[in-house]
Amino acid sequence: MHRLLHLEEAMGPSVVSTGHLPEPDAVAGLVQAAWERYRPVTEGMVADYIPALAAASPDWFGLCVAGINGATHAAGEADRPFSIQSISKPFVFALVCQALGGGRARESIGVNATGLAFNSVMAIELNAGHTMNPMVNAGAIATTSLVPGRSHAEKWRFLLDGLSSFAGRSLAMDEEVYASEAATNQRNQGIARLLHGYGRMYCDPDEATDLYTRQCAVSVTARDLAVMGATLADGGVNPVTRERVLDADRCRRVLAVMATAGLYEQSGDWLYEIGLPGKSGVAGGIVTIAPGKGGLGIFSPPLDEAGNSVRGQLATRFLSERLGLNLFASAPEAA
Ligand SMILES: NC(=O)CC[C@H](N)C(=O)O
């Protein structure tokens, strides 16, 4: 958890959750206020272990809230594209659950928190060769290895079409980010081969790593993330296109695994501060879901030591509190 979240304690009163988002003008005003409040933050480092990501400006900052009625409220650079990275994980897990059934996905992958870093090899060894959670690399690559299709091209089409359905528009892969990560992802190749050795890879390990690297290089904006999040907030129906992307009973399972490990080893702190399922990526995106209300997408490249966007965490907490989104907050009925 970024230390600024500990420092910035008193932010004014938290609003207690009601059944819906506040009025549109209030949401728009708070989105703008979050952007202004956290734009001056200079903490965090832009990721550089994927060489193409190092070119990002630390100043980029955009955010967007999408309601389950499809209305969006944005501030800053909400339409600047960046690679989705690990935020693809919950959505691909969702697509695989939809295709194969949640039971099969759970047996093959696992749904418990790892408590370990996103690229941990130890997590595999500590769990008798079993992956723990689809939100960290081992479980995510195993999830991608379950994608249906007779060829690499068919599997890639399944992934790209599925992610596009969540966003409500045709997404494309950033070729530069893909090439850059494909040339430097020996660690993920190692994870896939280790899992293969344990009988926990469900297609060729190199093919799974390649598909996973491609899904991570899909280009999105903060506005896309908000709509993708709102689809999960809306029981699996995209609020803009009205397409059902995911069955409601699978949707709630996806949100559960996001809550357990969406911010890697900081997921407990995240839940404690923000009280909502969320998922971060190393390009600086974070998607957060307020079930029955909407989705929040943020983009700001500087990351803390766990690889989570610093401004993203601060702005999400601000909006969770001011919009009354925390799932654990309730006011006593009998006062
Ligand atoms: N945390 C992330 O966003 C990591 C995604 C990145 N593609 C990787 O596998 O290393």
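Where is the place of Ser-86 in this structure? In this predicted model, Ser-86 sits in the loop between strand 3 (82–83) and helix 3 (88–100), where helices (H or I, at least four residues) and strands (E, at least two) are DSSP runs numbered from the N terminus. Residues are numbered from 1 along each chain as its sequence is written. Because the model is predicted, local features need pLDDT of at least 70 and side-chain atom pairs count only at pLDDT 80 or more, while totals for chains, interfaces and linings use all residues; side-chain values use heavy atoms, leaving out hydrogens and water.

Ser-86 is buried, with a relative accessible area of 7%; buried means under 20%, exposed over 50%, and partly exposed in between (1.4 Å probe, protein chains only). Contact here means heavy atoms within 4.5 Å. Leaving aside neighbours within four places in sequence, the contacts of Ser-86 include Asn-137, Tyr-212 and Tyr-264. Tyr-264 belongs to the loop between helix 12 (248–261) and helix 13 (267–274) and is also buried, at 3% relative accessible area. The side chains of Tyr-264 and Ser-86 are joined by a polar contact of 3.1 Å (a pair of N or O atoms within 3.5 Å; within protein, one must be able to donate a hydrogen and the other to accept it, and residues adjacent in sequence count only if both atoms are side-chain atoms).

Now to the rings. Across the whole structure, a search finds four aromatic pairs. Rings of Phe, Tyr and Trp (its six-membered ring) pair if their centres lie within 6.5 Å; planes under 30 degrees apart count as stacked, over 60 as edge-to-face and the rest as tilted. One of the pairs, Trp-60 with Phe-299, is tilted, at 6.1 Å centre to centre and 35° between the planes. Trp-60 lies in the loop between helix 2 (24–38) and strand 1 (62–67) and Phe-299 in strand 8 (residues 294–299), so this pair ties together parts that are 239 residues apart in sequence. Trp-60 is partly exposed, with a relative accessible area of 23%, whereas Phe-299 is buried, at 1%. The rings of Phe-82 and Phe-299 are stacked, because their centres are 4.1 Å apart and their planes are at 0°. As Phe-82 is in strand 3 and Phe-299 in strand 8, the pair ties together parts 217 residues apart in sequence. Phe-82 is buried too, with a relative accessible area of 7%.
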